[in-house]
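Here are my notes on the model you sent over.

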Amino acid sequence: MEKEILEDVKKYQKAEKLKKWQEEAEPIPWYYDGLENLCNRIHPGNQTLQVTDIEFLSPDTKLFRFISAKPNKPLAPFRAGQYIGLVVDVNGVRTSRAFSLASSPNQLSYYELGVKLKENGFVSPFLIENLQVGDILESTEPLGNLYYNPIFHGKNLVFIAGGSGITPFISMLRDISEKNLDLNVWLIFGCLTEKDILFRAELDDFTKRRTNIKLRYILSEPNSEWKGECGFISRDKILKEIGTVANKYFYVVGNRAMYEFVKEELSALGISQHRVYYEAFGVPEDITKVIGWPQELKSSNKIQITVDYRTNTGNEKIKFEALCSEPILNSVERSMKNKVKVANACRSGECALCRTRMISGKIFVPPEVKIREVDSNFGFIHPCISYPITDIHLDLTLT
Ligand SMILES: Cc1cc2nc3c(=O)[nH]c(=O)nc-3n(C[C@H](O)[C@H](O)[C@H](O)COP(=O)(O)OP(=O)(O)OC[C@H]3O[C@@H](n4cnc5c(N)ncnc54)[C@H](O)[C@@H]3O)c2cc1C
């Protein structure tokens, strides 16, 4: 017994000595606490937001202003152009959608989001019809790669926005204007009608106050009083605005239909892929119309999904049917309710947060979505933008 105690004392003394040596060799930097606090401030992971203001931006779009619901936790800083994933509970289904931060990154007392109603949508009608001042929601920290990078993007920027795709650009323009940045900007903003031009007064004001910001509205369904440009954002119209494509960097934001159209136009102008940043808002309107979709599958076809997941008592299995035309993540959220949470943010295949292991089955992913090769090699899928085309077996025991 005595011998054992002596052994323990020796071990303890040795450990203490080692610790002392380590501290002498690598003293803990004086700024350690401050740095860690700063990292947590920039990357809080999740945030709790409270609605303070709501106003209509157009007949079908509302502006929501949020403050941090936790007084000791200020809002995370962001780069103009980034988005947050807003978490909601719609009829017992916990889900989330990405929304670009429209407010200026130069103040963090609040965030602003512009939410457009999507007919037959799930979350946007819920937000527009139900969200009230005082409501509290969870969100991710600011995410996304759409922001100005001076090294790669140069000084001449072309912003191409479709509908609610203006939201990241309003934040970028506020930033450029507030900091008086030495950049030349051409904003080409496509909308259906005049009523759909969001932030119009502010956009017009930028062009009045700043000679380096040029703006063109293009309406696809104008009324007879409209004197401006009409039609789609075609290659001719782009060229007419910007003169030459040389030495310019392009950002394109809008729904998938607009994205596909503009992509063709820019490529016809000889603009190479590395000079364009695309951000598509959400999933395709009708996946069965996307190139490469297996024609024998109709949108109403049902697919069997099996999910392994973890509970407090061990692993369980659940089986349910899902439409082949719906992203797997949507049917998982709907069918599994609160049994399991799949982390997600962009829901468009960009952020990779929802990465999930697929044990068996075949999926369809829209061709423009780039999934990391290592993910596919090791059997991981991004269920937010993956459509089941055969029976699927997923492993959620690791989430
Ligand atoms: C980076 C990024 C930034 C964005 N920024 C903005 C922005 O600033 N403003 C803006 O308005 N939009 C923005 N979007 C688009 C936004 O994220 C949503 O895609 C859009 O609001 C439509 O969502 P929805 O839920 O209304 O429709 P959808 O997600 O398209 O829903 C369509 C269908 O799916 C069904 N469904 C979906 N999920 C479920 C579920 N869990 N359970 C049951 N049924 C379901 C619905 O019933 C419906 O039939 C952005 C998207 C991205 C990727």
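1. A salt bridge here is a side-chain nitrogen of Lys or Arg within 4 Å of a carboxyl oxygen of Asp or Glu. A search of the whole structure turns up 19 salt bridges. Before going on, please keep in mind that this is a predicted model, where local features need pLDDT of at least 70, side-chain atom pairs count only at pLDDT 80 or more, and totals for chains, interfaces and linings use all residues. Residues are numbered from 1 along each chain as its sequence is written, and side-chain values use heavy atoms, with hydrogens and water left out.

2. Have a look at E241 and R216, whose side chains meet in a salt bridge (2.8 Å, N to O). E241 lies in helix α7 (residues 235-242) and R216 in strand β9 (residues 213-219), so this pair ties together parts that are 25 residues apart in sequence. Helices (H or I, at least four residues) and strands (E, at least two) are DSSP runs, numbered from the N terminus. E241 is buried, at 18% relative accessible area, while R216 is partly exposed, at 34%. Buried means under 20% relative accessible area, exposed over 50%, and partly exposed in between (1.4 Å probe, protein chains only).

3. Helix α7 also holds R235, and helix α8 (residues 256-268) holds E265, so their pairing ties together parts that are 30 residues apart in sequence. The side chains of R235 and E265 form a salt bridge (3.0 Å, N to O). R235 is partly exposed, at 34% relative accessible area, whereas E265 counts as buried, at 8%.

4. Another salt bridge brings together the side chains of K317 and D308 (2.9 Å, N to O); D308 counts as buried, at 14% relative accessibility. Elsewhere, salt bridges with shared partners join R65, E112, R174 and E202 into one network.

5. An N or O atom in the R97 side chain is 2.9 Å from a ligand oxygen atom, and a polar side-chain atom of R334 is 3.0 Å from a ligand nitrogen atom.

Conventions: A polar contact is a pair of N or O atoms within 3.5 Å; within protein, one must be able to donate a hydrogen and the other to accept it, and residues adjacent in sequence count only if both atoms are side-chain atoms.
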